[in-house]
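Please consider the sequence and the three-dimensional model shown below. The paragraphs that follow lead through selected helices and residues in turn.

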Amino acid sequence: PNDATPRELLLRLHLRDGKLSDSLVQARALAEGHAAGIEEGLRAVALLMRQETSRTDAALVVMNQLIAPHEQLPGAHYAMGLLALGAGQSDMALTAAEKALQLDPASDEAALLMASALIKLNRLQAADEQMQDLLAASADPLALRMGYAKLLLDAEANDAAAVQLRQVISAAPDNEDARYALGVLELK
C-alpha cells in the first residue's frame with residue numbers, strides 16, 4: 001500500500017475512465033504519503049495529473065477536492081495553479097498563485113507561477129511589475145530572474161527575456177546558462 005508506482009498508474013487510469021472518486025482516493029494516498037510532506041505530495045500529484053492532457057477538466061475537479069482540507073497551505077494553492085496552468089486555465093492559475101503568495105509572500109515558486117499565468121494572459125507589464133517587486137525582496141534574485149527569463153522565452157517575449165538575461169550577466173558575468181540563453185536568443 002505504500003508503493004507509489006501502482007497508485008500513480010491507478011490515478012491516471014481512473015482519470016482516463018472518468019472515475020473521479022477513485023481518482024481522488026489514489027491522489028489523496030499519494031499526496032498524504034509523500035516522503036517530503038503534504039505540500040510536496042500535492043505538487044507531485046498535480047504534476048502527475050498534468051500528464052493526462054485529455055482529462056484536464058477531471059483532473060481539476062479531483063485537485064480541487066484534494067486541496068480542500070489544506071486551504072491554509074500555500075503549497076495546496078501552488079499545486080492547483082500548476083495543474084491549472086498546464087490545463088490552459090490561466091485565470092485559475094493566477095488566482096491560485098495569488099492565494100499561495102498571500103499565505104507565503106516569500107515563495108519564489110508561487111511568484112514564478114503568478115508571472116507565468118500573467119504571461120499566458122498576455123499581461124507582460126503586470127508580470128514584469130510583479131517580478132520587479134519580488135526580485136527586490138528575493139534571497140536569490142539571480143535564480144528568480146533566470147526563471148523569469150525562461151518563462152518569457154517560452155512565451156516568445158524575446159525582447160523582455162533578453163533584458164532579464166543581460167541583467168543576470170551584469171550581476172554574475174560567469175553565469176553560463178544566462179550567456180548561452182542570450183546567445184541562442186541573439187541567433188534568432
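In which helix does S90 lie? The model is a predicted one, and in it S90 belongs to helix α6, which covers residues 90-103. With a relative accessibility of 11%, S90 counts as buried, because the cut-off for that class is under 20% relative accessible area. When its neighbours within four places in sequence are set aside, the contacts of S90 are L85, A117, K120 and L121.

Which residues of α4 are buried? They are T56, A58, A59, L60, V62, M63, L66 and I67. Helix α4 itself comprises twelve residues, 56-67. From its first C-alpha to its last, α4 reaches 16 Å, close to the 16 Å expected at 1.5 Å a residue.

The last part of this account concerns another helix. L182 is located in α11, which spans residues 176-187. Is L182 buried or exposed? The relative accessible area of L182 is 12%, and therefore L182 is buried. Apart from neighbours within four places in sequence, L182 is in contact with A162, L165, R166 and I169.

Key. Residues numbered from 1 in each chain as written. Predicted model: local features only at pLDDT ≥ 70, side-chain atom pairs only at ≥ 80, totals over all residues. Heavy atoms only, no water. Helix = DSSP H or I, 4+ residues; strand = E, 2+ residues; numbered from the N terminus. Buried < 20%, exposed > 50% of the residue type's maximum accessible area, 1.4 Å probe, protein only. Contact = heavy atoms within 4.5 Å. Expected span 1.5 Å × (residues − 1).
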